Amino acid sequence: MAAIGSAIGLGILWKFPYTVGENGGGLFLLFYFICLIVVGLPLLIAELMVGRYAQCAAIGAFEALDRKSSGWKAVGWFGVAASFLIMSFYSVIAGWGMSYVLTSLLGSDRILAGNATETFLALVTSGEVSLFWHFLFTFITVSIVISGIRKGIERWAKIMTKALLILLTLLFLYALTLSGFPQAARFIFHPNAFDFKLSSVIEALGLAFWTLSIGQGIMISYGSYMKRSESIVHLSGVVALAVIVVSILAALTIFPVVFTFDLEPQGGYGLVFKTLPYLFNQLPGSTVLSTMFFTLFVFTALTSAIPLIEVVASNLMELYQIQRKSAVMIVGFACFVFGIPSAYANAPSVFPNWTEIYGADFLETVDHFVSVWVIPIGGFLSAIFVGWVMDKKITREEFSRGIRFHFLWSYWRIFMRYIIPSTILIIIVQKSGLYNFDTLFRHLAGVD
Amino acid sequence: MSHTREHWGSRLGFVLSAIGSAVGLGVLWKFPYTVGNNGGGLFLCAYFLCIIIIGIPVLIGELMLGRLSQRAAVGSFATLTRNRPNWKIAGWLGVLSSFLIMSFYSVIAGWGMSYILMSLSGFYQRLSPQDMGHVFDTLYQSGSITLFWHFLFTLITMGIVLSGVRKGIELWSKIMTRALFVMLFAFFLYSMSLDGFGKAAHFIFYPNLQEFKFSSVLEALGLAFFTLSLGQGIMISYGSYMRKQENIPQLASVVGFAVIIVAILAALTIFPVVFTFGFEPQQGTGLIFKTLPYLFVQLPGALVISTIFFTLFVFTALTSSIPFIEVVATNLMELIGWSRKKAALLVAASTFLFGIPSALSGSNTVLKSWKQIYGISFFDTIEKLVSVWIIPIAGLLTALYIGWVLDRKTSSQDFPTGVQWKTFFKLWYFFMKWIIPLTIFLIILQKSGLVNFDLLIKLN
């Protein structure tokens, strides 16, 4: 249960639906699942393993395991960079969640009866208000990390995760009755080969990494807290399965709303905020439902934000020998400052020409940069590290602990050494335009 | 003979100081305008019922928790049942509401300070009666001036908490509270002579079934908690300073009824002014500032009366704001192990910072689109959030905690001995276990829209 809780973050609730929406559903989802199982699961095992064996945070872990000290700790730096960048806009989104808690409490009619899209736009175009919540969320996260009430929060988080799953199931059951449900199911599950572009596979890969929290150093830290007797493989399998189930549940709740109320599936990062209010509005007790949902949303975000801050901070501590408290404060402050342009992404007062120059607003740019480049490259490098550099004996021992299927290890090793690096490499090459596999694909299929 | 007199005298003093501690800005500032916004009559009825059925029992409960545990809010829940750490959340909710209340409380108290200075600088000589109501609007819209007073009031509160002159302040506040009663009573007598008194009494006491909405019961409950300082951790701290031989149930009942009386007195002073001079009862947060100057200017020596009244107003605010800062600071101290000085400084600085958007709500210089997004200003948002949600939920949790988690023996030990108290204990315990949780739960259900009792009543 704790493992599932740790895996369900904003990745599933917030990023998963809108990324699926933007990439046309169907085949994209299929690729996402393939990425999750073929690339994500083995890498999750690898990251937990590295953390547990080295007993320290990302950068230190790579340093400790690299016998020749040939600069592999750079891999750890990728994770730290990803954590930092993610935290900077994560708290903006979580802040919107907090704002929705407040709006729900203040009276349902305002947020729910009106146009949900407009309500969301009013919030995001007001940079100041977004900034206020961004600050509050970062502040709360930093206070929790510093004050050491983390354990208490984690206990609550478990209860919250269960509540969230129940609530999501209830909402899903309601979404089943909507008139747009068949259309949504079709959109999600029907693989439309014509709409699909190979170039969006990297998005699927990034999303798989995101939802499993890998490539961010989080799972390395998490592994370092794991008991020696626990089976890493077993845990990873459960987490991956839970992520798949919950993400389908989330998609099947949100898209029926999209199709029933004629919204755009390409709603961008506001999708969950724009659609769910319609659903709440239909149900009795919209205030309670909406408040509960967004409270759980914020809590989920908090349980992911705590490790994000901790990963960066513990790496700083190990590196510069500074105190935990000051490291956390520095990181929190830096995340807040770097997140300011994200909070102002839809308000023209900071970087007014950003969208014009980069084609997407600041928040989107950072999000895209992290999930398409930083995380996949980090994953690629750690696969190479675990597959080629790390001692074979160590991986074998760590892998086999607590399970019966020892033979799986050799398959896993093949994945780490060949399949994962080459898959990620192909995806990156495709994305970078060095070679277009779309043409090859068409050629092979005889479409031409 | 002398022995009996002494006994009686100390008892009166004790009761008076308890009443003084309960009469804060809740009664003077929040009560009149909330009654005005909710249409008087039945709302007041609901408020009184909430005080008697829910408020007084919860007050007994909070004082008892404090005295039993000898700790502040969070620590109290943590030490009384060590094996149930999740109940600490009830204490944390209290700390949170104290923090949030303090952030806007000092804005209101700051307006009070501004009115002292205004009275002294010839407010009543300079302005025509028509302009006096508008001065509040000007003050409210002037962000920098409001901010200045907000800062000053927070600074004074912090200075008192840090310097340890608290005891001295408390002594003064007792005198001030008495003076405030006397003054309020005199104003009330004068208000009786106004033309609008009949109309005001009708507005306040006539239960108008048509205008009443069940959904405003939650406001009444929140107001009851606010005026009794419940759900804020304050009464738990207060209980921890109480001696073993003091009779908590009796004290709580006296305080409860005193709050009712003072609240009626305040309402019967303000609303006649509202109706005589053609104001709207729905004036919102500024009601007391807009109306009372009309009363003062009618009286001989308006300058002196107004100065004294607002000085007392600020003093009342101070006696509540000191525990607000202390509740938050003490809990931080117990938790993180900070020194008292550091904790108080940090808490005061944070409440000041967090209060800035409240202070600037009227001038609309920060968080400009707040009102557009949430429908009400930042100030009103925080105020509503605390009194409609956080405080009632904290009260609900406290009742559930005492009724279901805490050992029955533990709480019965803290009740005074005697046959009539035994019956009272049984009744109180039944209330804490069943009636209060159910009532608050129903009220919240209604508010959340799950069940609409308004429709139910109409159908019948």
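Me: How do you know that the length of helix α2 (residues 10–22) of chain A agrees with its 13 residues?
Reply: This is a predicted model, so the check is on predicted coordinates. At 1.5 Å a residue, the 13 residues of α2(A) should span 18 Å. The C-alpha atoms at its ends are 17 Å apart, which agrees.

Me: Where does α2(A) bend, and which proline follows?
Reply: The bend is at F16(A) and comes to about 35°. P17(A) is the proline that follows within four residues. Just after the helix, G24(A) has a positive phi of about 80°.

Me: Why is α2(A) called largely enclosed?
Reply: A residue is buried if 20 or more other C-beta atoms lie within 10 Å of its own. In α2(A), 12 of the 13 residues are buried, so the rest of the structure largely encloses this helix. Among them are W14(A), K15(A), F16(A) and P17(A).

Me: What covers those buried residues of α2(A)?
Reply: The cover includes α3 (27–54), α5 (73–106), α11 (201–211), α13 (232–260), α14 (271–282) and α15 (286–320) of chain A.

Me: What makes α14(A) largely enclosed?
Reply: Of its 12 residues, 9 are buried, so α14(A) is largely enclosed by the rest of the structure. The buried residues include L271(A), F273(A), K274(A), P277(A) and F280(A).

Me: How many helices and strands are there in chain A, and what share of its residues counts as buried?
Reply: Chain A has 21 helices and 0 strands. Of its 448 residues, 55% count as buried. Take the contacts in chain A between residues at least 6 apart in sequence: 83% join residues at least 24 apart.

Me: Why does P341(A) count as buried?
Reply: P341(A) has 20 C-beta neighbours inside 10 Å, so it counts as buried. The cut-off is 20 or more. P341(A) lies in helix α16 (residues 324–343) of chain A. Leaving aside neighbours within four places in sequence, P341(A) is in contact with V350(A), F351(A) and F362(A).

Me: Is S213(A) buried or exposed, and why?
Reply: Buried, because S213(A) has 26 C-beta neighbours inside 10 Å. S213(A) sits in the loop between α11 and α12 (218–224) of chain A. Its phi is near 55°, a positive value in a residue other than glycine. S213(A) and P341(A) are 128 residues apart in sequence and 24 Å apart in space, C-alpha to C-alpha.

Me: Why is N364(B) called partly exposed?
Reply: Buried needs 20 or more neighbours, and exposed needs 12 or fewer. N364(B) has 15 C-beta neighbours inside 10 Å, so it counts as partly exposed. N364(B) is in the loop between α16 (340–359) and α17 of chain B. Phi of N364(B) is near 55°, positive in a residue other than glycine.

Me: What angle describes the packing of helix α2 (residues 25–37) and helix α13 (residues 248–276) of chain B?
Reply: They pack at an angle of about 65°, with axes 9 Å apart. The crossing of α2(B) and α13(B) is right-handed. α2(B) contributes V27(B), L28(B), F31(B), P32(B) and V35(B) to the contact. From α13(B), the contact residues include V259(B), V262(B) and I270(B). By class, the contact has 11 nonpolar, no polar and no charged residues.

Definitions and conventions
Residues are numbered from 1 along each chain as its sequence is written. Chains are lettered from A and ligands numbered from 1 in the order in which they are written. This is a predicted model: local features need pLDDT of at least 70, side-chain atom pairs count only at pLDDT 80 or more; totals for chains, interfaces and linings use all residues. Helices (H or I, at least four residues) and strands (E, at least two) are DSSP runs, numbered from the N terminus. The expected span of a helix is 1.5 Å times one less than its number of residues. The bend at a residue is the angle between axes fitted to the seven residues ending there and the seven starting there. Two residues are in contact if their C-beta atoms, placed from the backbone, lie within 7 Å. Axes are lines fitted to C-alpha atoms, for helices over the stretch in contact, and angles run from 0 to 180 degrees between N-to-C directions. A crossing is left-handed if the near helix is turned anticlockwise from the far one by less than a right angle, and right-handed if clockwise. Ala, Val, Leu, Ile, Met, Phe, Trp, Tyr, Cys and Pro count as nonpolar, Asp, Glu, Lys and Arg as charged, and the others, Gly among them, as polar.
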